[in-house]
Structure formats: C-alpha cells, structure tokens
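Here are some notes for a first reading of the model. Please keep the sequence and the structure open while going through the points.

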Amino acid sequence: MTSATRQPETPAATVPPRLIATDLDGTLLRDDKSVSARTVAALAAAEEAGIEVFFVTGRPARWMDVVSDHVHGHGLAICGNGAAVVDLHGGPGTHRFVKVRELARENALDAVRLLRDAAPGTVYAVEQTYGFYQEPAYPKLHMEVPDLLAPAEKLLAPDAPGAGEPVLKILAYHPELDPDTFLTLARLAVGDRATITRSSPSALLEISGPGVSKASTLALCCAERGISHEEVVAFGDMPNDVEMLTWAGRSYAMGNAHPDVVAAASGRTVANNEDGVAVVIEQILADRS
C-alpha cells in the first residue's frame, strides 16, 4: 500500500480533464461510509474549476443519500453499475430516473437457470427501479426489508408484483464459492445473455443487461456533453470498475484495490481511508494552476 505522504503514481496527462468519474464504496467513501472533509473540499474545488464530478456506483439510487449533498449543479449519478442515470435533486426517495438500461426478464431468467445449473446453491435477489425482491434463502446483505420473498423464477415472471417496473440487475449469492471463482464460472455459464461483475468481498455477483456497465453508461453521458474519454479521470477499487478504468483517459486504482483493478488502471493512488481520490484531485488542480 502506498504511503499517504507520497504523491500518487500519475500517468502522463496529455489532455486537461473535464470530468471526474469515481466509484463510491472502497474508493471515495471511507470504510465507515463517510465522505471526509478533505474529499468534500476536493470535489467542490473540482466543480468550481469547471471539472464535472460523476459518482458511478453499483449502489441503487435509494442508497445515494451518503453523497446526495455533493452532486452539485448537474445532480446526476450513475447507479446500479450503469443500469440507471439518476437525478438526485430533492434528496432520498424523490430521485428521478433520467436513463434506464434494463435487464430483460427473459435474459434474467436465462441467467438464473444457467447459474443454478453451474453453481448449485446459488440464491438470488432482484433489484428494480423502486423495488427490491429476494428469495427466502438470500442472506440479509443489504440492511433492508425486501418487498417480497419468492423464488427468482416467480419474481421475474410476467405476472409478478412489479412486473411493469424495469429490472436493473439481479444479485446472485453463493455461500461457499470463492468470489473470483464464482465470477469466472458465472461468466462462462451465462455468456452474452448478461453482463456479470462483482463489487463485494463476498461471493455476490451483480448481473445486468448485455453491454451494460459503468463504462458504457459513462460513455453515453460523456457523449451527451461532448466529452471524450481522454478528458475523463476515473477511480475505482473492485472488478465492477475495470471497464470504466480501462475506458477513461486517465484512471487510478486505489491503494486497497483488487489486483484486476490495479492491472486495468493507468495509475495508482493511496487507499480510500487515506483520501486517495482527493489526493489526485488536489494534484490535478495544482497542475492546472
């Protein structure tokens, strides 16, 4: 792990950044889920300097209260690993979905079936735009009460409660498998029917629509703003950040990052508990001045 007193390992800057894209858990947030005063100040300074800040997270919109005060003028965040772009103005419970990239129920059912065959013992939850549903055996990983308990096949049926509401992703948990082994197995089993990644230290997979990722949705948001990938600086720590870090012109793996993230990023910074994102933003602004 890099010492907090050292400068980040910085890739050569060829284009001035116009947008900062940062993951939350394990990246911007400290382990206690707080945003440090130093990080708050760095985010505000970036926005004041004309650099947009986008939060790009696997979290659902209803878990964004921890950073909703820091979205500044645009008010937007990318949630659910790219499944939704959400306007957080108005605070928790009043967010508006600006863009939804849903997982078709047919694809979700295929993924459930194939993964049940490949990894017996897998249990599921279903994340929709406003609802959360799970199987009875799915563990209480999310500190919330599900709207319904039923087998995944019933939760995803055409006549299921919430059937008119888009599915953002399904969550697959295995009580025994190694997390990376489970991810590799699932990707082989499901193929191109869905995008599969993970952000948890446990064997918990996140399954989204084909082609849906943090990177692909961030690219759409940047294209709408006339921002190229060379003008993006990205931060992350887990496998669900790999595509975004590869896509961005400059990218940083946190000091606490998964090995795949370190391999994907063009630079490294210190750990989340040492305000690694703020360290880089401060350096970017110092270089500009």
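Which residues of H3 are buried?

1. The buried residues of helix H3 are Arg105, Asn107, Ala108, Ala111, Val112, Leu114 and Leu115. Buried means under 20% relative accessible area, exposed means over 50%, and partly exposed lies in between (1.4 Å probe, protein chains only). Among the elements that cover these residues are E6, helix H4 (152-155), strand E9 (167-173), helix H5 (179-190) and strand E11 (204-208). Helices (H or I, at least four residues) and strands (E, at least two) are DSSP runs, numbered from the N terminus.

2. A word on the basis: this is a predicted model, in which local features need pLDDT of at least 70 and side-chain atom pairs count only at pLDDT 80 or more, while totals for chains, interfaces and linings use all residues. Residues are numbered from 1 along each chain as its sequence is written, and side-chain values use heavy atoms, with hydrogens and water left out.

3. The length of H3 (residues 105-118) agrees with expectation: its 14 residues should span 20 Å at 1.5 Å a residue, and its end C-alpha atoms are 20 Å apart. The expected span is 1.5 Å times one less than the number of residues.

4. Strand E3 (residues 76-79) is covered on both faces, with Leu76 and Ile78 buried on one side and Ala77 and Cys79 buried on the other. E3 pairs with strand E2 (residues 52-56) in the parallel sense over two bridges, and Ile78 is the bridge partner of Val56. Two strands pair if DSSP finds at least two bridges between them.

5. With strand E4 (residues 84-87), E3 pairs in the antiparallel sense over four bridges. Cys79 stands opposite Ala84 in E4. Four residues lie between the strands of this hairpin, and Gly80 takes a positive phi near 60°.

6. How many aromatic pairs does the structure hold? There are two. Rings of Phe, Tyr and Trp (its six-membered ring) pair if their centres lie within 6.5 Å; planes under 30 degrees apart count as stacked, over 60 as edge-to-face and the rest as tilted.

7. Phe97 and Tyr130 form an edge-to-face pair, 5.1 Å centre to centre with 85° between the planes. Phe97 lies in strand E5 (residues 96-100) and Tyr130 in the loop between strand E6 (123-128) and strand E7 (132-134), so the pair ties together parts 33 residues apart in sequence. Phe97 is buried at 16% relative accessible area, whereas Tyr130 is exposed at 55%.

8. Phe235 and Tyr252 form a stacked pair, 5.4 Å centre to centre with 15° between the planes. Phe235 is buried at 0% relative accessibility, and Tyr252 is buried at 1%.

Terms used. Contact means heavy atoms within 4.5 Å.
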